[in-house]
Amino acid sequence: MSAPRQTLQLQVNGAEAEVRVGLHDSLLTVLRDQLQLTAAKRGCNQGVCGACTVVRDGYTVRACLSLAHGCTHADIETLEGLNQEASMQALQKAFAAESAFQCGFCAPGMLISAHALLLHNPSPDADQVRAAMSGNLCRCTGYAPIVVAVLQAAAHLRAQELAP
Amino acid sequence: MLQGFFLPETVDQATALLAQDPEAKLMAGGATLVAMLNARVIEPAALISLSAIPEIQGISVLPDGRIRIGAFTRHRETAQCTLHLGAAAVLRHAASQIANATVRNMGTIGGSISFADPGLDYPPALVAAQAEVEIAGSGSRRMVAAHDFFQDWYLTALEPGEMVTAVVLPKPQAGAHGVYIKHARVAGDYATASVAACVSAQGQIRVTVGACGPVPIRDDDADALLSEDRSESALARAGALLQARADPLDDVRGSANYRRALIPRLLLRAVRQLALPVGALQ
């Protein structure tokens, strides 16, 4: 027996999206399975790993812990939408240059968390980067190249005076 | 199976919904509740989201100077709030050490304390700060001291049909201060053990231990001792009194003995931090 489904309007990456969701469906399920926005990953589905991190009304949240029914009045941004921003592009280049990912599963969540950090603090030190990224798990890199990449992107953005 | 999702706009509407359907669950930030739904640990008949109730959002100063933190206030807001002065700083310190930035954007103080996991950061901080919990039922309101709110493992003073609407902190005093010292395995984990400590302008100390028993642990004699004497021997005696009251479990975060051993060490750090000159309200 399946749960009743309802039609909802969500605001995702600046556009209205109509979705059919069950009451228990998370924002992550809707993004990935209905809107084909697959950057956010389903890792633990428990809010621990950070692979599903997206932005809601300007703040990072776990998409797996956000019920779609609770997102109808929210402005949702995913990596697909943030891709065009200069700060995100600088982070992506730095992640590639520093080999800050191997399997890549954590990278979208890492990028969202790093982007949120640079938005509020354009000149973080390494400890601030580690603190800001502490909610995102990576099982490949050992984290060191991720910290280097975020610092490098921040320095690049400051040099370009493109800091968000 | 979930059959309903409600979005009440007042506390009365929320408690009326809860009265109609005892199988419904209140949902605040969802950081814990949705994880439990995903794991199928709970399968409520309906969810009552508290996200659209203005009365329980945000932090304000009451006419008598006390600080009221609405139940739906996110940890991020509590961690950044400049109203948490004097002893109330303990709450700011505790909020800033919960999980990670993303979870602090989601979780709320009302959701956190209603869940009442003994490893949470708010319970010892609220007990140390002599906070009160504002509770609403169907047509009723009452206040409960934080010390009495936490009753046992995951058990609070909330009766069926009731919800937390706010946490109220005493009016901040100039010269008072509060600190929260947390020991965790890794950044963002629940506490293995923690100590919250507040000192009044007159030097009265109030210490509370977290994650070392079903509820936050206090000892009146330890507080009286430390209020008079903060020498190493007094700290050791106070630490032993608190250890004697602890009733920790063995779990993945540490053995019961390890937790007991942490108490005097965290107490030492907390009292040393309290002793730092605080100057004006901060």
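Two residues are in contact if their C-beta atoms, placed from the backbone, lie within 7 Å.

The model is predicted, so local features need pLDDT of at least 70 and side-chain atom pairs count only at pLDDT 80 or more, while totals for chains, interfaces and linings use all residues. Residues are numbered from 1 along each chain as its sequence is written, and chains are lettered from A and ligands numbered from 1 in the order in which they are written.

**Stop 1: chain A**

Select chain A and colour by secondary structure. There are six helices and five strands (DSSP runs numbered from the N terminus: helices are H or I of at least four residues, strands E of at least two). From the N terminus on, their order is β-β-α-β-β-β-α-α-α-α-α. The radius of gyration, taken over C-alpha atoms, is 16 Å, close to the 15 Å of the globule rule (2.2 Å times the number of residues to the power 0.38), so chain A is as compact as a globular protein of its 164 residues. Buried residues, with 20 or more other C-beta atoms (placed from the backbone) within 10 Å of their own, make up 49% of this chain.

**Stop 2: domains 1 and 2 of chain B**

Next, select residues 4-49, 54-169 and 178-275 of chain B in turn; these are domains 1, 2 and 3, with bounds from an automatic or database domain assignment. The C-alpha centres of domain 1 and domain 2 of chain B lie 19 Å apart. Their contact takes 14 residues from domain 1 and 19 residues from domain 2. Which helix gives the most to the side of domain 1 that touches domain 2? Helix 1 (residues 11-20) of chain B does, with six residues.

**Stop 3: a sheet in chain B**

Now select strand 11 (177-183), an edge strand of chain B, and strand 13 (205-210), the other edge strand. The open sheet has three strands in the order 11-12-13, with antiparallel pairing (two strands pair if DSSP finds at least two bridges between them). Strand 12 (residues 193-199) of chain B pairs with strand 13 over six bridges. Centre the view on Ala197(B), which stands opposite Val207(B) in strand 13.

Conventions: Buried ≥ 20, exposed ≤ 12 C-beta atoms within 10 Å, placed from the backbone.
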